[in-house]
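The following exercises are to be worked through with the structure in view. Each task is followed by a solution in steps.

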Amino acid sequence: MNAEEILSRIENAMSKSGRKDKVFFAAVSKTRTVDEMKEAEKIPFVDFFGENRVQEAESKRKVYGESRIPWRLIGHLQANKARKAAEIFDTIDSIDSPELAARLSRIAGELGKVIPVLIEVNTSGEASKSGVDPANFTELLDAVISQENLRLDGLMTVGPITDDERGIRNAFANLRTLSENARKKTGLELPVLSMGMSGDFELAILEGSTMIRIGTLLFGPRDYRHS
Ligand SMILES: *Cc1c(COP(=O)(O)O)cnc(C)c1O
């Protein structure tokens, strides 16, 4: 694991953007073994695990034991997995429809908890990406904040697949603008702006990311055959 290198790249991006706040670090542990995750958990700057499939996370959580850090669901959530997700995950970062918000809130109520969530926005317009279309963002925002058993902490996006830095920064800047507008509209703090992965986290930090999600750079290339 390149913990040292990652940390210095984060610090460089933070100083380049003149930022003194903290950027949180989610170790994206999809396809990784429990042993690999235990190693990652020892790294002091790792604040969260990010998993994108409910079933995989469930089987790992069963054997993991105590975890110092919360587990976040960062992948698309299907309605029929909402209950399981609500049981396993500490936060759900991929709310993308009013129906999912309502269902998750109802389930959270039945479980006697309030679930911290993020709204996922499709800022790139790529059809393969999940997340709400920016045009429908306000409607979803209203739906989420009206749910009694959800706590909206902020927004999340996956940047476009391109080498064009300007295109990537634009997508991240758009998420930041949505977040600022949502803050004004709702009066909520919305501290989390989750954007930036192995290939684009420095650009995300320059655009104000408060949470980066790193898999490949931390654990090495993914092997999907075992997942
Ligand atoms: C896989 C994944 C990541 C991490 O991607 P890397 O390029 O391996 O860092 C981050 N966010 C989401 C939503 C992912 O699915």
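**Exercise 1.** Determine what span helix 5 should have and how far apart its end C-alpha atoms are.

*Solution.* Helix 5 comprises the 14 residues 98-111; helices here are DSSP runs (H or I, at least four residues), numbered from the N terminus, and strands are runs of E, at least two. The expected span is 1.5 Å times one less than the number of residues, so helix 5 should span 20 Å. Its end C-alpha atoms are 20 Å apart, which agrees. This is a predicted model, in which local features need pLDDT of at least 70 and side-chain atom pairs count only at pLDDT 80 or more, while totals for chains, interfaces and linings use all residues. Residues are numbered from 1 along each chain as its sequence is written, and side-chain values use heavy atoms, with hydrogens and water left out.

**Exercise 2.** Identify which residues of helix 5 are buried and what they pack against.

*Solution.* Buried means under 20% relative accessible area (1.4 Å probe, protein chains only). Leu100, Ala101, Leu104, Ser105, Ile107 and Ala108 are the buried residues of helix 5. They lie on the same side of helix 5, because they cover an arc of only 165° around the axis, taken from the directions from the axis to the C-beta atoms. Their packing partners (heavy atoms within 4.5 Å) are helix 4 (82-88), strand 4 (91-95), strand 5 (115-120), helix 6 (137-145) and strand 6 (150-156).

Technical notes: Buried means under 20% relative accessible area, exposed over 50%, partly exposed in between (1.4 Å probe, protein chains only).
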